[in-house]
Amino acid sequence: MFAADMASRGLGIELVEAGDGAAVARMPVTEAMLNGHAIAHGGFVFLLADTAFALACNSRGPVTVAAGGEITFVRPARAGDLLTARATERTRYGRSGIYDVTVTRDDGEVVAEFRGRSRTPASPPST
């Protein structure tokens, strides 16, 4: 799945590991990702967390998609920071699941907490 994810790969996101309902992904913060306050735009932080979430909820198969997600921004990230998103499955029930993702800077400080809700469609999404 990650090999076909042009959006994530185009932003320099690296898959560190994925399996058994968990995943780790990293992304360097570039100047192009900064907002008007010279900090990482929240949309990029969300995208990294969402990517780790997608990798975790698809790590066992079958194809699973996002049903929703929310994020709480805790600290800023700046150009030159390396962000790491660690996704963990909290629970799966029927075709649904809940996953938590913690995004940290390379100094270990938490940047954001994300919770995603997954859903396995009755039939796979068409391409």
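Arg90 is exposed, with a relative accessible area of 55% (exposed denotes over 50%, buried under 20% and partly exposed in between, with a 1.4 Å probe and protein chains only). The model is predicted, so that local features need pLDDT of at least 70 and side-chain atom pairs count only at pLDDT 80 or more, while totals for chains, interfaces and linings use all residues. Residues are numbered from 1 along each chain as its sequence is written, and side-chain values use heavy atoms, with hydrogens and water left out.

Arg90 forms a salt bridge with Asp100, with 3.3 Å between the closest N and O atoms (a side-chain nitrogen of Lys or Arg within 4 Å of a carboxyl oxygen of Asp or Glu). Because Arg90 lies in strand β4 and Asp100 in strand β5, the pair ties together parts that are 10 residues apart in sequence (strands are DSSP runs of E of at least two residues, helices runs of H or I of at least four, numbered from the N terminus). Asp100 is partly exposed, at 22% relative accessible area.

In total, the structure holds 8 salt bridges. One of them joins Arg60 to Glu89, with the closest N and O atoms 3.0 Å apart. This pair links distant parts of the chain, Arg60 being in the loop between α2 and β3 and Glu89 in strand β4 (residues 82–93), 29 residues apart. Arg60 and Glu89 also belong to a network of salt bridges with Asp20 and Arg92.

A further salt bridge connects the side chains of Glu109 and Arg75 (3.1 Å, N to O). Glu109 is partly exposed, with a relative accessible area of 32%, and Arg75 is likewise partly exposed, at 35%.
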